[in-house]
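Let's read a structure together, one feature at a time.

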Amino acid sequence: MTHEDFMKRAIELSEENVDNGGGPFGAVIVKEGAIVGEGVNSVSTKTDPTAHAEVEAIRNATRKLDTYNLSDCTIYTSCEPCPMCLGAIYWAHISDMYYGNTKDDAAKVGFDDKFIYEELDRPLNKRTVPAINILQSEAGVAFKMWDEKTDKIEY
């Protein structure tokens, strides 16, 4: 299959999802020419704000492959990923990304992530949801334990 074939599948998933009451997003993860994970936007159907198509595809691929490292995989997504999904793609170490619609296309139909990008540029105490640092030394105990652990699985 070609890049276009995998993108067509992501687009097909996005259209089917609209018909089924979900958001207009679909994603496919491919390894060695085979689809190993698919996902659709299930935010409203699962009442889960993190259930974006890319995240769902990553969850499905990691379960199928029994690994958290998708560095030998490519993701095809019907739309340029939002900041959360982009972060998930990086955390999963996905090597390549292809997308259909742009974030500007998404904004035109009500999915505007511009405010999140703007929030990330603001100081922590100036954000809409302020971030207040407390109990840092107590929280640091787990980091110290991790740092000293000799049998940890690094990711």
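## Reading the model around I94

Setting aside neighbours within four places in sequence, I94 is in contact with I29, I58, L70, C73, T74, I75 and I89. Keep in mind that this is a predicted model.

Q: Where does I94 lie, and is I94 buried or exposed?

A: I94 lies in the loop between helix 4 and strand 4 (96–101). I94 has a relative accessible area of 11%, under the 20% cut-off, so I94 counts as buried.

Q: How far is I94 from A139, in sequence and in space?

A: The two are 45 residues apart in sequence, and their C-alpha atoms are 30 Å apart in space.

Q: Thanks! Could we step back to the whole protein? How many helices and strands does the protein have, and in what order do the elements run?

A: There are seven helices and four strands. Starting at the N terminus, the elements run α-β-β-α-α-β-α-β-α-α-α. The C-alpha atoms fill a box of roughly 50 × 40 × 25 Å along the principal axes. Buried residues make up 30% of the 155 residues. Taking contacts between residues at least 6 apart in sequence, 46% join residues at least 24 apart.

Q: How should I read a nonpolar core, and which residues of the largest one touch the most other members?

A: The general idea is that in soluble globular proteins, nonpolar side chains tend to be buried together. Here the largest nonpolar core has 16 residues, and I29, I58, L70, I75 and I94 touch the most other members. At least two residues of this core come from each of strand 1 (26–31), helix 3 and strand 3 (73–79). Helix 3 supplies the largest share, four residues. Another core, of seven residues, lies apart from it, and its members include F6, M7, V28 and Y76.

Q: Now the helices, please. At what angle do helix 3 and helix 4 pack?

A: Helix 3 (residues 53–65) and helix 4 (residues 83–91) pack at about 25°, and their axes are 8 Å apart. Angles under 35 degrees count as roughly parallel, so helix 3 and helix 4 are roughly parallel to each other. The crossing of helix 3 past helix 4 is left-handed.

Q: Which residues make the contact between helix 3 and helix 4?

A: Helix 3 contributes E54, V55 and I58, while helix 4 contributes M84, C85, A88 and I89. By type, the residues of this contact divide into six nonpolar, no polar and one charged.

Q: Where are E32 and H93 found, and are they buried or exposed?

A: E32 is in the loop between strand 1 and strand 2 (34–40). With a relative accessible area of 74%, E32 is exposed. H93 is found in the loop between helix 4 and strand 4. Its relative accessible area is 33%, so H93 is partly exposed. I94 lies in that loop too, and I94 is buried.

Definitions and conventions. Residues numbered from 1 in each chain as written. Predicted model: local features only at pLDDT ≥ 70, side-chain atom pairs only at ≥ 80, totals over all residues. Heavy atoms only, no water. Axes fitted to C-alpha atoms, helices over the stretch in contact; angles between N-to-C directions. Parallel < 35°, antiparallel > 145°, perpendicular 65-115°, else oblique. Left-handed = near helix turned anticlockwise from the far one by under 90°. Contact = heavy atoms within 4.5 Å. Nonpolar A, V, L, I, M, F, W, Y, C, P; charged D, E, K, R; others polar. Core = buried A, V, L, I, M, F, W, Y, C linked by side-chain atoms within 4.5 Å. Buried < 20%, exposed > 50% of the residue type's maximum accessible area, 1.4 Å probe, protein only.
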